[in-house]
There are 2 protein chains.
Amino acid sequence: MLGGMQDYALRVPRLIDHAAREHGRREIVSYWADGRETRTDWAGIARDAKKLAQLLETLGCQPGDRIATLAMNHSRHLVAWYGAIGMGGVIHTINPRLFDEQLVYIANHAEDRVLFYDKQFQPIIDRLRGQWTSIEHYIAFDDEGPDGFQARINAFDDDYAWVEGDERAPCMLCYTSGTTGNPKGVLYEHRSTMIHAMCEVQPAVFNLSATAVALPVVPMFHAASWGLPFAAALSGTKMVYAQTNDAAVLCRLMNQEKVTHSAGVPTVWLSMFQHIDATGQRPEHLKQVTIGGSAAPRAMIERIMGMGIEVKHLWGMTETSPIGTAGAPPPDWEAMTIDEKLDRMCKQGQIPFGIELRVIDDEGVEQPRDGVSSGRLQVRGPWVVKRYFKADADAIDAEGWFDTGDVAVIHTDGTMQITDRAKDVIKSGGEWISSVELENAAVGCAGVAEACAIGVYHPKWDERPLLLVVRKEGSGVTSDEITAHLANHVAKWWLPDEILFVDSLPHTATGKLLKTALREQYRDYRLASAA
Amino acid sequence: MLGGMQDYALRVPRLIDHAAREHGRREIVSYWADGRETRTDWAGIARDAKKLAQLLETLGCQPGDRIATLAMNHSRHLVAWYGAIGMGGVIHTINPRLFDEQLVYIANHAEDRVLFYDKQFQPIIDRLRGQWTSIEHYIAFDDEGPDGFQARINAFDDDYAWVEGDERAPCMLCYTSGTTGNPKGVLYEHRSTMIHAMCEVQPAVFNLSATAVALPVVPMFHAASWGLPFAAALSGTKMVYAQTNDAAVLCRLMNQEKVTHSAGVPTVWLSMFQHIDATGQRPEHLKQVTIGGSAAPRAMIERIMGMGIEVKHLWGMTETSPIGTAGAPPPDWEAMTIDEKLDRMCKQGQIPFGIELRVIDDEGVEQPRDGVSSGRLQVRGPWVVKRYFKADADAIDAEGWFDTGDVAVIHTDGTMQITDRAKDVIKSGGEWISSVELENAAVGCAGVAEACAIGVYHPKWDERPLLLVVRKEGSGVTSDEITAHLANHVAKWWLPDEILFVDSLPHTATGKLLKTALREQYRDYRLASAA
């Protein structure tokens, strides 16, 4: 027996239709790299998306085809999302900061047919055009000439009906680039995207409504911009976009547009702090700042909270659409001391409806939520990947669990805390040492600019930590001094067997330590303690 | 081509599993009619629901079977919802305030197999048991003996896996009783209920999170208690339930449990005002009050807002699960004067994602959103009825629109305003006169206790208004005085052709004016103006 309610496909164009109908006059502001500011609104985005859908059809695109973008945040990029999805296509956002090799691989693997791009990335196009095998059309978003984005779509009107289809059909493709192997594509569905959007507007996550004004610093090419372009349409949020991450510009825009919500990776806020310190200016209307992408330092959370702004610490990944956890205030928030609040907000947050998380040990046994038992973090839910694009096998186990590659503990109150990447954890005598915690403790020592902990072979303990340290300019900090400092912060058996001083450390395209290269370099390193 | 995300059925047991896992210690407090208070939590509700599911299976219940309740708000009623739904059943909440004839019809039409009830309704059971043809088991929620609810479910443990099934399968049945004809059943689905719950926790509707403490005065037998038992589990809201609507008890509970959110029909708040005026006590922690069921008077909204509490005006119906619109603050809220805010909040609110509303004239032509063009209000969306339970035909037109039976206008800012019930509107010379607006204006006249406007036959104008008035005790207010008062509030051509004074007016079981009976009574009434 089925129920008596209406048929309703969870398709993404419902969002832009709703935004245009109920929040049509809420603005979408764009700051362009050349300093211009333009304004449209949700009704305008919907109109242009319908024009774009027709352009894509005229170019021969079919439902299911991938339409790529290589662009920063602005209203035309938003039009491209809704237009490509609305004609049944799959919007594929490419990260322009990737290495050429990855850029070539990704576009060819996705079989992108059209590429919309920002002129600032013209050098990338010029360099790689010959290696991209499927892209037939290149259209610059910010080319105001007859071949540019706006002129091309203005050849069409907004008399267009969105393509209908299965709610499990794909709508978006995002690649995740690890430190090894080729990037892998996560193919989001209309349904998964809609459920994700409905859940992320809730107070415990983004807390969005028609009174919110959001400036997402998180790029639209980064994990679906955390779903904000969808959640904003659902809730009628006014959006402020910038083609730049310059803190002075962002701060001015925030005040000019009375921005209440922002979201970005930790480095964004470090730049903002420098701007505040240098100018005395500050964002005056911010109520909530969401930090994700990598763990936010305690001092950063403390400073933002000290400005009277609520901090939401987010954990997720491209494979989770990307919301995994969000640092919402717990029931006893009001009664907490500032230190307790900071302790709480330094962790990765609680598990919102839809997501299931568990921590397992090396034997696959689920670990208790005791704040101590660490293990591999696994996730499942309606907006979690099942199978990577074009993969031959599912990325999940028989019970639906996806292994995140993170090492974590879950606390008794349900708060999750990432302690390391699984491949970076140092396995010593059957116990795990967190490389991240060692590094964080080490950079707290005066004279240490950067540190990297890796496990190297030890005949008795299997692995023991080796700490690589870049000294600050002019510092003569010694191994003994660093070890003494570490002893105040980590267990004695975690202390590195040796500390080596190096001139620099290698990084990935996204600024993370390239530990694979370091492990390879020190693979045959023989610790004195192993003698 | 389908996407790459996980399979995930939108089934209601996901909610209680989430609440037990992530918000297991959040309390569910119950105040019982005998003055006792009991406490459990979301983990406890989940445990007892699993026990109950097994009891129902032992009693022979199958997936799809209807399990009825005749009860006020308390934790065991909540257990019955999740337990019955969890074993694949359909929870059918019966309104104990209905007339016997309706109670008999509803339970027999639903083919209820088990009835859980509060002892205070034992007289109803004793009276109707012989006429109920399908109910095999009667179990009292608040019977603490061996045949009572808790003893019966405690024969089972919580080692139970919820029944799985289609997400379009039914989970709940609510009857809507009009003033004519038999009540009609709306058969909610797992999917419709889940989408409704995900959308109603958003800031613009109930604004629920794990820091919220809700005391829903709206009964669990009234339109799924506005979905709060589902939305609360999704968001980890602490729930406070009372088997009584006594304002003194509710106010004490609100302060004792630090209640932040409440929801109920307008009369609830009238009682609360009387309690506040009489005792000087007031709810100290309330942040949001949601008013629905019927239109909230301006003075009520003003008084609650004056207490520093946010007011959400809700419109909906059993056929819409029931959220239709919610009076969320618009973008320019902060800049509004108090009068502008009140003007806004007196209307029925804005349209949340999922719902589509339109107003059509008698010819079916969609009317503009100009705040003036009134017509029949139609609705469609994922949580709107398609076909009543056991009906032979759909309740919607070919485009999916359900006719609400309300007359409304939509304002330029998208705010919807109910002006009348379609069957109560007075059609005079091809134009519509709102009976509700006439009545509201009339009760503002000194000496008028209650008023009812109905259309009676007129040879020239088709219908003209007749106003029936109950004078206040000791008042001698005259027709001329009332007409003079009305002339300040409505258009001249709306003024009643005649005013008749009556001793009392008939009401429905839920306290609404029984206009069908009055129209019947005055069917042959001959207006002097028609002579």
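Cys171(A) counts as buried because its relative accessibility is 0%, where buried means under 20% relative accessible area, exposed over 50% and partly exposed in between (1.4 Å probe, protein chains only). Cys199(B) also counts as buried, at 4% relative accessibility.

This is a predicted model, in which local features need pLDDT of at least 70, side-chain atom pairs count only at pLDDT 80 or more, and totals for chains, interfaces and linings use all residues. Residues are numbered from 1 along each chain as its sequence is written, chains are lettered from A and ligands numbered from 1 in the order in which they are written, and side-chain values use heavy atoms, leaving out hydrogens and water.

A search of the whole structure finds 0 disulfides over all chains, a disulfide being a pair of cysteine sulfur atoms within 2.5 Å.

| Cysteine | Nearest cysteine sulfur | Distance |
|---|---|---|
| Cys171(A) | Cys174(A) | 9.2 Å |
| Cys199(B) | Cys199(A) | 8.9 Å |

Between the chains, 70 residues of chain A are in contact (heavy atoms within 4.5 Å) with 70 residues of chain B. The rule finds 10 salt bridges across this interface, each a side-chain nitrogen of Lys or Arg within 4 Å of a carboxyl oxygen of Asp or Glu. Arg168(B) forms a salt bridge with Asp7(A), with the closest N and O atoms 2.9 Å apart.
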